[in-house]
Amino acid sequence: MLPTPDVVADYDKVYEPAEDSFLLLDSLEEEKDYINSNFKSPLVVEIGTGSGVVTSFMHKHIIPQGLFLTTDLNPHACRASLDTSKKNGGALFLDSLQSDLTTSIRPHLVDILVFNPPYVPAEDVPAVPDSEDAYEWLDLALLGGDDGMVVTDRLLANLDSILSSDGIAYILFCARNKPKLVASKMEEMGWSVTLVLNRKAGWEDLSVYKFKRV
């Protein structure tokens, strides 16, 4: 098992790495040979970067030759992502954008997309706070609206325009997101969907799936 990077973050305002984060790290480690066999200098984008632990893990252990970009609506997370990257050697880290999903990135550029979405079912997806001092920033990392899938559904609907021609996406789901149904619908739309890892974490049943065009 590869070591977890050191994190620099204020956990009062940024999501603290937890079981879902570590499952994502283990999934990327599982995929290391596949990634390095298929990509030479990929553009790697992590959406909803939080503390930056996942991107730092990737550029430190999985894809040292990659170019990295993170996005998050939370400005505290954007800063934490950069600080965590610097703490762990930096590599070819491009920037961290305060952005909704990948709206600030030109279409068809992303080779490897990684997303640990807000997957907890809730009545609504929280609004973006008006102030950096607001306590609601953490809610954006957790609450995913109906079935916990409102944000993830938006991403999946645009996945074809986000990824490069050979691009892949690694997305985390909980059981309440009905990931098998999601996978079936995406396969009907011409995607190859593979379960990378599944793990029980307390009351959560978490899975990471890989999405690739057929």
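Visitor: Which residues does S56 touch, leaving out those up to four places away in sequence?
Guide: S56 touches P5, T84, S85 and N88, where contact means heavy atoms within 4.5 Å. This is a predicted model, in which local features need pLDDT of at least 70, side-chain atom pairs count only at pLDDT 80 or more, and totals for chains, interfaces and linings use all residues. Residues are numbered from 1 along each chain as its sequence is written, and side-chain values use heavy atoms, with hydrogens and water left out.

Visitor: Where is S56 found?
Guide: S56 is found in helix α3; helices are DSSP runs of H or I with at least four residues, and strands are runs of E with at least two, numbered from the N terminus.

Visitor: Is S56 buried or exposed?
Guide: S56 counts as buried because its relative accessibility is 1%. Buried means under 20% relative accessible area, exposed over 50%, and partly exposed in between, with a 1.4 Å probe and protein chains only.

Visitor: And how many residues of α3 are buried?
Guide: In α3, 9 of its 10 residues are buried, so that the helix is mostly covered. Among them are V53, F57, H59 and H61.

Visitor: At what angle do α1 and α3 pack?
Guide: Helix α1 (residues 19-30) and helix α3 (residues 53-62) pack at about 25°, and their axes are 10 Å apart. The two helices are therefore roughly parallel to each other, a term for angles under 35 degrees.

Visitor: Which residues meet there?
Guide: From α1, L24, L25, L28 and E29 meet V53, V54, F57, M58 and I62 of α3. By class, this contact has 8 nonpolar, no polar and 1 charged residues.

Visitor: A new topic: how many residues of strand β4 are buried?
Guide: In strand β4 (residues 110-115), 6 of the 6 residues are buried, so the strand is largely enclosed by the rest of the structure.

Visitor: Which strands are joined to β4?
Guide: Strand β1 (residues 43-47) is joined to β4 by 4 bridges, and the two run parallel. Strand β5 (residues 163-174) is joined to β4 by 5 bridges, and this pair also runs parallel. Two strands pair if DSSP finds at least two bridges between them. The bridge partner of V44 in β4 is I112, while V110 stands opposite L163 in β5.

Visitor: Lastly, where is P121?
Guide: P121 lies in the loop between β4 and α5 (137-140). At 30% relative accessibility, P121 counts as partly exposed.

Visitor: With which residues is P121 in contact, apart from its neighbours within four places in sequence?
Guide: P121 is in contact with G145, D147, G148 and R176. The C-alpha atoms of P121 and M149 are separated by 7.5 Å, although the two residues are 28 residues apart along the chain.

Terms used:
Axes fitted to C-alpha atoms, helices over the stretch in contact; angles between N-to-C directions. Parallel < 35°, antiparallel > 145°, perpendicular 65-115°, else oblique. Nonpolar A, V, L, I, M, F, W, Y, C, P; charged D, E, K, R; others polar.
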